[in-house]
Amino acid sequence: MITIQGLEKRYKDGDQEIVALHLPYAEFDRGTQWAVVGPSGSGKSTLLHCLAGIIRADGGQIKTGEGILTDFDEDALQSWRSIEIGYIFQDFNLIDALTVKENIELGAYLSLGHYVSGYNKTEQFQERLQHLLETMDIVNLLNKRPSALSRGEQQRVAVARALIKEPSLVLADEPTASLDEENSRRVMDLLTSYCKQSNATLLVATHDPLTKSYCSNVITLTKGGHA
Amino acid sequence: MILKLGWRLICHKPLQSIFLVVLMALSVALSVLVFSLGQGIHQGLVRATEPFSLLVGAKGSSNQLVLNSVFLQDQPIGNIPYTEVDKLRANTKMVKAAVPLAFGDNYAGYRIVGTESAIFDVKASQTMPEWLRVVEGRKFEKPFEVVIGHDVAKQANLQIGSKFHSIHGVSAKGKAHDHQDYTVVGILDDVGGPYNQAILTDIESIWLAHETAHTKSTKETVPGVDKPVENVASKTEPARLEVAEDDDDHDHDGHDHDATNAGTGNTNVGNTTVAESTVQQATAVQGNAQVVPSNPKTVGRAVTAVMVEPVGYAQAMQLMMQFQRSKEAQLVFPAQVIVQLFAMMGQGEKMWLPVGGLLILISLLVMMTSSYLSSLGRLREQAIMVAMGASKSFLMKVSICSQAYLVVGGAFIGWAIGAACYAGIASMLQHSMAISMGSVWQWQPTVIAAVAAVIGLLASIVPAVLLQRKSLAQYF
């Protein structure tokens, strides 16, 4: 379970201080799916960034099974991100210098490779990889560069990259924003089925009603970041 | 993964990467080439002078004497009487051996060196074998038999039994002495020096060849000689001088007229009388000791230079002092002449090495700046990797790895280019002057390239560190 109390993030805009996020309380049980909704500027992405440990909150607390996230140092945050977090960006953010296969392997390396030498040669890993590739339907795309793929294919690769390390917390920031309905459904099917199978927690920041419909829980943020 | 990622990142921007590699390569290549050439030429020139402990020749330019006698280049500076050879040989306290050399003719541009069989006993040092070793055939035993150098056999397509006419002077386009054939009786082993391009023959060949061909007035002198050697003979052979005919139809540059015209002993004019009086004159002229000519055929003859092997260094210095008082001849240390030449060349080398070092430094600065700017363009990718769990040390390693490929690759390619250019120049010098330069596989240029690579690697840490201070939050 992840518990948030009084979480706050502020940014300076010239002389003014803007509250990007103010979340008095939230609880996310393990294995639940959440849609984080709200207008632009309500702090949806900021919440995901704080949960991923990418940015530090200016106030409040995030309790996790691993400890109090807001008190983690840089090394602990890096460890949290590499092991527990599967992050999916709005613009896919694949590394174009690498092939599809190498992008996914990088995702695995940054999690498992730090700690286990030869991890990618184990039968267990190879089976998991193959299963993931088949589930995402990207087996035929392995040697292509991301720029040669369609948007839907790129997002499926991004999902595979995020899920290869079997994270306990999947954070998806507008994953279907640039996809058509068919691909949107496909991506959400993949995410929700993985989370159900792995008992992982899913938080999806979204504007899209279709995406929202895949999540059994909703947290609404308002302008100024209030929940 | 780090190696693969670093490689992929530089391959993703091929033009920029190639530019940086070329920049590094050219800088390293210049330094490697300058250094290698300096070392190689020095080694080649020193190696060539090793058999020549001392050289005695006519007064004049010591550089020209060495260039002509050791490197078979340039024109002879003049002649000295053969009695100098006799005098040196008689001085057994100071001189171990004295071998005469006479120049003036060529075949296909290869210098014909008139000498004596004692040249085959010369060694560069006591511990080394003979300098000139006949590997095919035999040494010359009589006039107009030749032993040719290793390169002459290959390039002029001569073998044992081949015959040819010599050409007057040092140019292959001179007038041929077509009245007499030379016959190849031996071929030398590769000596790794200019005498690979020599044609050795009995010194009498030179005298006889010109004696037969030239009937020009013996009043003619060779540039650089203060007193024509024929003055010795002219005092005793006035009749012969009067009947001398002018011979205007050939080039006399470098031509050793005096060697043939002085007191031939074979003419029909007062033959025996001339020879005796000439011997008396020659003996008297030598001054200190009474020197008896070793061979009557050498009476009144002249040579271009004498290779002298001293008994020891102290004796060499004493000989030097003696010749400083001589008006007819000079004694030089060929190795010293080379050192002086290099002192002049070394100024250029001293200038070019810092320039090469500066170029490497500039190229490293350019690479560092380019790496930093390029990495700024990859901050978004770095942000993605941070979100995926990459540590700061991972990002730094990737950055340094990318740089390392460029720096090390550039240094290696630069070393290869420098070595290849050196090998090409060495080959050209080998072909044209038979100067054998040092091997292309010298450790110093490798050290230059390695040091440049290490400095480049260390320098690549700077942009990686600067990037660590950048906030990635803006990319999320």
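A:A162 touches A:G86, A:Y87, A:I88 and A:P167 when residues up to four places away in sequence are left aside, a contact being heavy atoms within 4.5 Å. This alanine sits in helix 5 of chain A; helices here are DSSP runs of H or I with at least four residues, strands are runs of E with at least two, and both are numbered from the N terminus. With a relative accessible area of 4%, A:A162 counts as buried, the label for anything under 20%, while exposed means over 50% and partly exposed lies in between (1.4 Å probe, protein chains only). A:A172 is 10 residues from A:A162 in sequence, and the two C-alpha atoms are 9.5 Å apart in space.

A word on the ground rules: the model is predicted, so local features need pLDDT of at least 70 and side-chain atom pairs count only at pLDDT 80 or more, whereas totals for chains, interfaces and linings use all residues. Residues are numbered from 1 along each chain as its sequence is written, chains are lettered from A and ligands numbered from 1 in the order in which they are written, and side-chain values use heavy atoms, with hydrogens and water left out.

Stepping back to the whole of chain A, there are 7 helices and 9 strands. Of its 227 residues, 55% are buried. Among the contacts in chain A with a separation of 6 or more, 73% come from residues 24 or more positions apart. The chain exposes about 9800 Å², and carbon and sulfur atoms supply 44% of that; the areas come from the Shrake-Rupley method with a 1.4 Å probe, and for residues only the protein chains shown count as cover.

Two loop residues of chain A have a backbone angle worth a look. A:E166 is found in the loop between helix 5 (151-163) and strand 7 (169-173), and its phi is near 55 degrees, a positive value in a residue other than glycine. A:E166 is partly exposed, at 46% relative accessible area. A:N199, in the loop between helix 6 (181-198) and strand 8 (201-205) of chain A, also is not a glycine, yet has a positive phi of about 55 degrees. Its relative accessible area is 41%, which makes A:N199 partly exposed.

Next come the salt bridges, each a side-chain nitrogen of Lys or Arg within 4 Å of a carboxyl oxygen of Asp or Glu. Over all chains the count is 16. In chain A, A:D137 and A:R186 form one of them, with their closest N and O atoms 2.5 Å apart. A:D137 lies in the loop between helix 4 (123-136) and helix 5, and A:R186 in helix 6, so this pair ties together parts of chain A that are 49 residues apart in sequence. A:D137 is partly exposed at 42%, and so is A:R186 at 30%. Another salt bridge joins the side chains of A:R10 and A:E17, at 3.5 Å from N to O; A:R10 is partly exposed, with a relative accessible area of 27%.

Chain B has its own example, where the side chains of B:R89 and B:E116 meet at 2.6 Å, N to O. The pair links distant parts of the chain, 27 residues apart: B:R89 is in helix 4 (residues 83-90), and B:E116 is in the loop between strand 4 (110-115) and strand 5 (134-137). B:R89 is partly exposed at 29%, whereas B:E116 is buried at 17%.

Where the two chains meet, 24 residues from chain A and 20 residues from chain B take part. The size of an interface is often given as the accessible area lost when the parts come together. Here chains A and B bury about 2100 Å² between them, 69% of it on carbon and sulfur atoms; the figure is the accessible area (1.4 Å probe) that the two parts lose on being put together, summed over both.

The chains share 3 salt bridges. One of them pairs B:K4 with A:E102, the closest N and O atoms being 3.9 Å apart. On the side of chain B that touches chain A, helix 1 (2-11) and helix 13 (379-388) are the elements that give two or more residues. Helix 13 gives the most, with 7 residues. That side of chain B divides into 13 nonpolar, 3 polar and 4 charged residues (Ala, Val, Leu, Ile, Met, Phe, Trp, Tyr, Cys and Pro count as nonpolar, Asp, Glu, Lys and Arg as charged, and the others, Gly among them, as polar).
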